[in-house]
Amino acid sequence: MPIRHLRLLLSLLLLLILPLPLAAQVQPVPMVALSAQLNQADADIKAVDTALDTRIDSDQRRALRARAAAAQGSANDAVAGLEQQLALVDARIAGLGPVAAGVVETADIRLQRSRLAQQRSALDSGAKRGRLLAVEAGQLVTEIDQSQAQQLGQRVSTRVYSPVEPDFWRAVFAAVPRDTRRVMRFVEGGADQARANLKTGRPVLALLGLLAALALLFPVRVAARKAGQKFLIEGAPGHRLRRSANALWRLVIGTLLPWLSGMTLVQTLRWSGMEPPMWSGLLDSLAQAVGLCGFIGALGGALLMRHQPSWRLLPISTETAERMRPWTWLLATLALITVLLDAFNLAIGVSTAMHVLAEVAETLLHCVLAGGVLLTIGRIRAAGAAEADPDNLVVTRAGLTLATLAAWLVLGIALVALLLGYVSLSLFLVRTVTWTAIVAATTYILMIGADDVATSLFLRTSRLGVGLTHGLGLRGSAVDQFGLLLSAVLRLVLVMVAVGLTLSPFGADIGSIFGRMGTLAQGVELGGVSISPGTILRGVIVLFVGLTLVRLFMGWLEGRYLPVTDLDGSARNSVSLVARYVGVLLAGLWALASLGIGMERIALLLSALSVGIGFGLQAITQNFVSGLILLAERPIKIGDLVRVGADEGDVRRISVRSTEIELADHSTLIVPNSELITKSVLNKTLANAMGRVQLQFSVPLGTDPAQVRGIVFEAFAAEPAVLAEPAPKAFIDSIVDGRILFNCFAHVATQRDAYGARSNVLMTLLGRFNEEGVEIGTVAQRLELVGAPLPATATVAAAT
């Protein structure tokens, strides 16, 4: 595992834990300083250009790239400053106004115009020079990236003898005597130097350094870990924040103290004069290897927490943690051995055959280790599936299945490449698998920590949240939303950094990787658009990444952000639908842009589609536009009680094409959105969710109406669903055919309560009227029977 990758991870970890300094206010830079800045950038660019003409290694190439990128940034900053001053000079020139014909200006005005013209000319020249320098620096950065990619391609495409070929082992055995002499010379020379230093040096100081290194590595590390956990238990708010902070603390302590232990041992050997000069490089690698080993071990411990399940970040069982923990220590040990072995081979100048043998051995060890991890995960998944454990991450996550299959595929390719003699390619693949796993695990811890910190600090019930709500008058939901948004931004930054770290072994970032994909295969051009396997694959990858980001964003939006807002269910659905379609549209445009299809070509494509829309897609387009109108104007919302034609039910879902209505018999009526826009729809809960109960009945003319009215009010009062406000009403509607017609009204909280409340009130009324001896009926209806031999018209009163 390259040490520079560990430095990148540690830098990211420290940036998230240590407070960032406040940015100072930018002061205007004089033109003299900007000119000096451009001169320095020009000198750096020329130095980088000259250095590229010579043979350079990977470290030098990275340093030159950083220097060129810094020169590009410096040139851009100088251009920005010059353009700002140029705008001020232009404003002063405009303030003087144009020279009027026939008017002789005073000497001081002419002098001022001359000075401003000279300043403008100098500023404009400096800005143009700065832009040119920025372009040159960018070209150098691109050239370095391309050379690095070419070097990587040459290295992984180099073929040597396969380990299964006799020539491979003949070369190894032929190199054994010479390499043995090199090893003995290195060991004996270092031992002789150590014995000589023992007489002149201070061995007591070296012994104290050894004891201090052991103390830092074991008792101090354990004590610091326990002290941090105790502090979190006593002082940190919230279980989630304590849990993530404990994981981060274990990771920092587990990395920093082993590295300090190795550095203490090496430095005390040097201070005491006991260090053999021949072993200096190997001892430096020892300190780095111990730090890397501690980082991997601490990372596994922070994730698994096999002895403290309540502090565990991963949703896995204790048995799973117990079975996975030994593999993390084996990986840490393998990293320690490989770093020391590389440093030892470099120190003694090992032969090419032995160097290739070491790479073969490292590749096989990585394959065995990765295969063991994958087999363990497979057995855990099989056992968990048999037990139907829904809380075990290893069992339930589909993404883990895809990652496992991808890892098996890469391992298979690596083994095939090893057997064919592409040792460097095989080693690169297995190291990439290991590095990706380390980056993913580190990013997981940091993302959980960022989420817990953001959502715990900016919470309406936290101290900061209470201070914001009381001091600034913010709503509690606004504080919660800001915490979730801050968490999303931090995690997005972490994902971007993790992607860059994952691609760092390739020597490129996301943009350069996608940019080079088009050069893998030359295709044909149609209308200025290159059609080739490379561009198609790039578009598919970009579309997949875009849709994945949309899915992750929608999961966060629907599961985290919208629930803490003050929006109702219908408004949440509208926001969710609009965000989903906008995200899919942006992902599609991103994919088209990666194919080289600009907006002008997309406009032509849409105009061509409009012809098809005009003929065959009218209904779909009409429903789509109607759906957007429903989501924007919201005449119908989720949960509304509506009547469409003869059907009445609750609105359950509104999409851009149709609306789903659940009827009383629990069936679902799917209505095209155009029907809801162009036709009449009865929305019983649009303006007011309150429902009304209406009773109509008649009593004989001789009945006391006040008594009947009182019984009605008592029946309404006895029903819990009937509201006191608005108060129930009872009216005499008319007197027809010797009967008094009553029309009574009451209100309930929702339309859905009206039917049951009406039934209960009728049951109460029937019982009371029966007790009081009041005869009730409906309005008398006149029915004429036509036909002989009936002598007259009969009137029949029918009760309904």
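Which residues is Leu304 in contact with, leaving aside its neighbours within four places in sequence? Hi everyone, let's start there. Contact here means heavy atoms within 4.5 Å, and on that count Leu304 meets Arg312, Leu314, Ile316, Ala321, Met324, Arg325 and Thr328.

A quick word on the model. It is predicted, so local features need pLDDT of at least 70 and side-chain atom pairs count only at pLDDT 80 or more, while totals for chains, interfaces and linings use all residues. Residues are numbered from 1 along each chain as its sequence is written, and side-chain values use heavy atoms, with hydrogens and water left out.

Back to Leu304, which is among the residues with the most contacts inside the largest nonpolar core, a set of 34 residues. Such a core joins buried Ala, Val, Leu, Ile, Met, Phe, Trp, Tyr and Cys residues through side-chain atoms within 4.5 Å, where buried means under 20% relative accessible area with a 1.4 Å probe, protein chains only. Helices α8, α9, α10, α11 and α14 each supply at least two residues, and α9 gives the most, with 10. Another core, of 24 residues, lies apart and includes Ala41 and Leu140.

Next, a helix pair. Helix α23 (residues 705–718) packs on α24 (residues 754–772) at about 140°, with axes 9 Å apart. That makes the two oblique, the class left over once under 35 degrees is roughly parallel, over 145 roughly antiparallel and 65 to 115 roughly perpendicular. Val708 and Phe716 are among the α23 residues that meet α24.

Last, Ser658 in strand β5 is buried at 7%, and its contacts beyond four places in sequence include Arg653 and Pro672. Thanks, all!

Technical notes. Axes fitted to C-alpha atoms, helices over the stretch in contact; angles between N-to-C directions. Helix = DSSP H or I, 4+ residues; strand = E, 2+ residues; numbered from the N terminus. Buried < 20%, exposed > 50% of the residue type's maximum accessible area, 1.4 Å probe, protein only.
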